[in-house]
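Thanks for coming. I will take a few minutes on the ligand site and then turn to salt bridges.

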Amino acid sequence: MLHVLNHPLGAHCITHLRDQTTKPALFRTLAYQVSLLLALEATRDLPTRTLGVQTPLELISSQVLAQPLVVVPILRAGLGMVQPFTDLFPDVSVGYIGLERDHTTAVARSYYCKLPALNGRRILVIDPMLATGGSAVQALSVIKERGGQELRLVCIVSAPEGVAAVHAAHPDVPIFTAAHDRELNSRKYILPGLGDFGDRLYGT
Ligand code: PRP
Ligand code: URA
């Protein structure tokens with residue numbers, strides 16, 4: 001299932017993220033804002049449980065979050081999406097998967113993996129760009145091998161090729177994206193896209 005964000009602030013952020021004149025400081029702010037909207041969408045159906053609470057006036061039954069959350073950014077660009085998740089969900093556990101695409105083949109190479117306990121938790125894998133889908137498919141496979149079950153993928157810009165690859169390899173994983181773009185170019189960059197997210201985030 002592909003969920004495309006439908007929010008005016010999301011559209012605004014995507015427009016300025018795409019703009020090649022946007023500098024890293026503003027780019028990071030826009031990435032934060034659009035990721036916050038995506039975080040809300042991707043957690044809309046989190047389970048809750050009932051808690052008795054005494055208000056200043058009466059005793060009520062009210063809802064609190066019932067399931068621990070894990071967020072796993074794919075390094076390095078995924079780091080640009082972490083803060084809204086930790087701001088919204090203070091008890092979230094954060095894992096890290098380091099993957100880097102080879103510049104000529106676009107095949108992702110794994111260089112780091114550190115994951116928290118995954119059992120019984122909702123797991124959100126976050127990576128701003130879903131291009132060929134190679135990085136996301138690898139990351140989702142590693143998390144499943146370590147016992148992760150209830151996974152979601154959250155990205156800022158997706159390409160049809162990447163969505164198809166994730167759906168084929170992990171049909172159980174819903175994808176949340178802020179923009180669903182046209183295609184990949186011959187170097188496997190997303191069109192119209194926004195260029196290299198990691199480079200633009202960190203000014204490299
Ligand atoms: C980018 C992006 C994804 C990957 C997407 O990372 O953040 O992880 O490319 O491409 P794919 O769908 O074809 O695998 P990159 O490999 O450039 O590394 P970086 O985050 O360190 O810049
Ligand atoms: N990674 C990026 O940062 N941008 C793309 O367009 C594709 C992969």
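Which element gives the largest share of the shell around ligand 1? Strand S6 does, with three residues. Please keep in mind that this is a predicted model.

Now the rest of that shell. There are 16 residues around ligand 1, and those that come nearest are Arg101, Asp127, Thr132, Gly133 and Ser135. Sorted by class, the shell has six nonpolar, five polar and five charged residues.

Next, the contacts to oxygen atoms of the ligand. On Thr132, a polar side-chain atom is 2.6 Å from an oxygen atom of ligand 1. Ser135 also places a polar side-chain atom 2.6 Å from a ligand oxygen atom. With Gly133 the backbone is involved: one of its polar backbone atoms lies 2.8 Å from an oxygen atom of ligand 1.

As for cover, ligand 1 on its own has 500 Å² of accessible area, and the protein covers 93% of that. The ligand sits in the largest pocket. Two or more residues of the shell come from each of these elements: strand S6 (96-101), strand S9 (129-130) and helix H4 (134-145).

That leaves the salt bridges. How many does a search of the whole structure find? The count is nine. One salt bridge joins the side chains of Asp45 and Arg122, at 3.2 Å from N to O. Asp45 is in the loop between helix H2 (24-42) and strand S2 (48-54), while Arg122 belongs to strand S8 (residues 122-126), so this pair ties together parts 77 residues apart in sequence. In general, side chains of opposite charge can pair when their charged atoms come close.

How values were computed:
Residues numbered from 1 in each chain as written. Chains lettered and ligands numbered in written order. Predicted model: local features only at pLDDT ≥ 70, side-chain atom pairs only at ≥ 80, totals over all residues. Heavy atoms only, no water. Near = heavy atom within 4 Å. Polar contact = N/O pair within 3.5 Å; in protein donor to acceptor, adjacent residues only side chain to side chain. Areas by Shrake-Rupley, 256 points an atom, 1.4 Å probe, with all protein chains shown as cover. 1 Å grid on protein atoms, 1.4 Å probe; cavity = no way out; pocket = protein on both sides within 12 Å on 5 of 7 lines; lining within 4 Å. Sits in = over half its atoms within 2 Å of the grid points. Helix = DSSP H or I, 4+ residues; strand = E, 2+ residues; numbered from the N terminus. Nonpolar A, V, L, I, M, F, W, Y, C, P; charged D, E, K, R; others polar. Salt bridge = Lys/Arg side-chain N within 4 Å of Asp/Glu carboxyl O.
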